[in-house]
Amino acid sequence: MKIAIIGASGNIGSRITQEALTRGHDVTAIVRHPEKVSKESVSLEVQRGDVEDVEQTAALIKDHDAVVVSYSPGWGPDTEYHKHVEIARKVLEAAKKAGVKRLLNVGGAGSLNTEGGTQLVDTPDFPEAWKEGASAQRDSLKVYQEEQELDWTFFSPAIIIEPGERTGKFRYDTENPVVNEKGESRISRQDFAVAVLDELEDPQFIRQRFTIGY
């Protein structure tokens, strides 16, 4: 496959890029700072791009089989979290202009449900520092859910996603966090990338959200 990865230099985007290259795919890394991506493979093309520019994004993703959106405005004070929604709309518009039907968006875990049906971001114990960003990611999920033309997938990670091992062994759900015997919802960034490529190669969640965990 020929895969465009928006945000390929980030903590998660870089793992997705590596996993795609390892599996023999051709990758176009679309990043704001190309110097952050090492040209380690002949199958990797690095392009400077601003995902807020619809025309430019459409030109960069044209002729690709799929687009992975691993965009983040960052975290912390003064972060423009509202851009999660803006970027979702702009990427969908760019994909239509480029004629690319398949998109996978890296989302957040805050919109996953508790056993009682309340979304995590709305629970009293949800960390206040993450609330605004998680709420914006939830709003971006709604943008995708309204899209009926493209084959999108919204991928929410486990509640805790961190560097770790690539095991290739995890479990799936769609609306609820996957928890282990200790009640923890965890996944490594490496296994998150595995699940991204598994979904691109053998789609199971077209126009759906899904999540994973150990």
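Val196 touches Ile16, Val68, Leu104 and Phe155, leaving out residues up to four places away in sequence; contact here means heavy atoms within 4.5 Å. The model is predicted, so local features need pLDDT of at least 70 and side-chain atom pairs count only at pLDDT 80 or more, while totals for chains, interfaces and linings use all residues. Residues are numbered from 1 along each chain as its sequence is written, and side-chain values use heavy atoms, with hydrogens and water left out.

**Nonpolar cores**

- The largest nonpolar core has 30 residues, of which Ile16, Val68, Phe155, Val196 and Leu200 touch the most other members.
- At least two residues of this core come from each of β1 (2–6), α1 (13–22), β2 (26–31), β4 (66–69), β5 (102–106), α5 and β10 (208–213).
- Helix α5 supplies the largest share of this core, seven residues.
- A second, separate core has 27 residues, among them Leu60, Tyr71, Val143 and Trp152.
- A nonpolar core is a set of buried Ala, Val, Leu, Ile, Met, Phe, Trp, Tyr and Cys residues joined through side-chain atoms within 4.5 Å.
- Buried means under 20% relative accessible area, exposed over 50%, and partly exposed in between, with a 1.4 Å probe and protein chains only.
- In soluble globular proteins, nonpolar side chains tend to be buried together.

**Helix α5**

- Helices (H or I, at least four residues) and strands (E, at least two) are DSSP runs numbered from the N terminus.
- Helix α5 covers residues 189–201, and its 13 residues at 1.5 Å each should span 18 Å, which agrees with the 19 Å between its end C-alpha atoms.
- The expected span is 1.5 Å times one less than the number of residues.
- Because 11 of the 13 residues of α5 are buried, the helix is largely enclosed by the rest of the structure.

**Packing of α1 and α5**

- The axes of α1 and α5 come within 8 Å and cross at roughly 55°, and the crossing is right-handed.
- α1 and α5 are therefore oblique to each other.
- On the α1 side the contact is made by Arg15, Ile16, Glu19 and Ala20, and on the α5 side by residues including Arg189, Phe192, Val196 and Leu197.
- Axes are lines fitted to C-alpha atoms, for helices over the stretch in contact, and angles run from 0 to 180 degrees between N-to-C directions.
- Angles under 35 degrees count as roughly parallel, over 145 as roughly antiparallel, 65 to 115 as roughly perpendicular and the rest as oblique.
- A crossing is right-handed if the near helix is turned clockwise from the far one by less than a right angle, and left-handed if anticlockwise.

**Helices α3 and α4**

- Helix α3 (residues 83–98) and helix α4 (residues 128–145) pack at about 25°, with axes 8 Å apart, which makes them roughly parallel.
- This crossing is right-handed, with contacts from residues including Ala88 and Leu92 of α3 and Ala136 and Val143 of α4.
- Buried residues of α3 include His84, Ile87, Val91 and Ala95, and their cover includes β1, α2 (54–61), β4, β5 and α4.

**Ile187**

- Ile187 lies in strand β9 (residues 186–188) and is buried, with a relative accessible area of 2%.
- Beyond four places in sequence, the contacts of Ile187 include Ala158, Ile160, Phe170, Phe192 and Tyr214.
- Ile187 and Gly164 are 23 residues apart in sequence and 8.1 Å apart in space, C-alpha to C-alpha.
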